[in-house]
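Have the viewer open beside you as you read.

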Amino acid sequence: MRILSNKYFKSLLAIAVYVLFMFVLSDYLALFTKFIFKYDFYISILDISSTASLFHKEANNYLICLNVFNQYFIYFIEFIFLISILYSFFKTDVYDFKIKKNKYNNSLLIGLGIYFGVNFCINLLTIFLQLLLKKDLTSVNQSNIESMISPDNLYSYLLVIPIVIIGPLVEELIFRKCIFNLIPNKIIALIISCLVFGLLHTISYDYDLVSLIIITLPYFFAGVAFSYCYIKTDNVICSYLLHAFLNLLSFILILM
C-alpha cells in the first residue's frame, strides 16, 4: 500500500487518467451524449431551415446547450478521478494557502504582470507575422470556445463552470502539481510543463509547422506565468487562481 501514497506514483497515475479522458474516452463520451440527445437530428434541422427561422434558432441553442453539457460531463468525471488521486496534495495546498495567502499576493500579481506583458508582445508578433506570411494565425481552440459563447444564449453562461472553475483546476493539478512532482529540476519542469500545456491546446488542429509554433506561443507563455506562481509558492492554489481569473476575464471579454 506504500506505493499508493508515493507522490511519484500518484502523479503518474493522475497524468495517465488525464490522458485517458482527454485522448481516448472524451470522443466516446461525446458520441454517447450526442446519441442520447439526438445531435444528428438537430444538425439536420440547421441544414434544412432558414437561418432566420424559429426552428433554426431553437436547434442552434439546443446544440450549444449540448456542447456545454459535453464540457461539463467530461470535465466533471475527469475531475472526480483526479481529485480522488491527488486529494492529499490538494488538501495540503488549500490549508497552506489559507495560512499564507497574504504572503502569496505578490507572486500572483507578478504572475499576472508576466501574462499581460508577454501576451501583449505575442499579439504584436502575431499581427506582424500574419501580415508578413499572409495567412490566418487564429487559434482554432479559441475560435471554438467563442462560437459556443453568446450573450444572447443563456446556456452560454453555464460554460463558466468548466472554463473558469473545473478546467483550470484540472490543468493546474496536471501541468503544475504532477509535472513538478515528477521532475526535480524546476527549469526543466517549467519548459516541459509549458510546452505540453501549449501543444495540448493546438496540436490536434490542422496547422502547418510555422503556424503551429506561432499559435502555441500564447499558451506556452501563459503556462510560464502559471508556473512562476507555482514555483514561487509551491502551491497549486496560487497558479489555479491566476489561471481561473484569466479564463474568467477572457470569458467576459468574449461576451462583450
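A cavity here is a set of points, on a 1 Å grid over the protein atoms alone, where a 1.4 Å probe fits but cannot get out. Grid points are joined across faces, edges and corners, and a volume is the space filled by probe spheres set on the points. The model is a predicted one, so local features need pLDDT of at least 70 and side-chain atom pairs count only at pLDDT 80 or more, while totals for chains, interfaces and linings use all residues. Residues are numbered from 1 along each chain as its sequence is written, and side-chain values use heavy atoms, with hydrogens and water left out.

With that in hand, how many cavities of 30 Å³ or more does a search of the whole structure find? The search finds one, and the volume of the largest cavity is about 30 Å³. Its lining, meaning residues with an atom within 4 Å of a point, consists of Y115, V118, N119, I122, P218, F221 and A222. Helices are DSSP runs (H or I, at least four residues), numbered from the N terminus. Helix 4 (87-133) and helix 8 (209-233) each supply at least two residues of this lining, and helix 4 gives the largest share, with four residues. By class, six of the lining residues are nonpolar, one is polar and none is charged; Ala, Val, Leu, Ile, Met, Phe, Trp, Tyr, Cys and Pro count as nonpolar, Asp, Glu, Lys and Arg as charged, and the others, Gly among them, as polar.

Now turn to helix 6 (residues 160-182), where you will find K177. Is K177 buried or exposed? K177 is buried, with a relative accessible area of 6%; buried means under 20%, exposed over 50% and partly exposed in between, with a 1.4 Å probe and protein chains only.

Beyond residues up to four places away in sequence, K177 touches F89, D93, E172, Y230, D234 and V236. One of these, D234, is in the loop between helix 8 and helix 9 (236-255), and D234 has a positive phi of about 55° although it is not a glycine. Another, E172, is also placed in helix 6 and is buried at 0% relative accessibility. Leaving aside neighbours within four places in sequence, E172 is in contact with K177, F226, V236, S239, Y240 and H243.

Next, look at the cysteines. The structure holds zero disulfides, a disulfide being a pair of cysteine sulfur atoms within 2.5 Å. For C178, the nearest cysteine sulfur is that of C194, 15 Å away.

Finally, L158 lies in the loop between helix 5 (140-148) and helix 6, and is partly exposed at 39% relative accessible area. Not counting residues up to four places away in sequence, L158 touches V68 and Y72. The C-alpha atoms of L158 and Y72 are 8.8 Å apart, although 86 residues separate the two along the chain.

How values were computed
On a 1 Å grid over the protein atoms alone, a cavity is a set of points where a 1.4 Å probe fits but cannot get out, and a pocket is an open set with protein on both sides within 12 Å along at least five of seven lines; lining residues have an atom within 4 Å of a point. Contact means heavy atoms within 4.5 Å.
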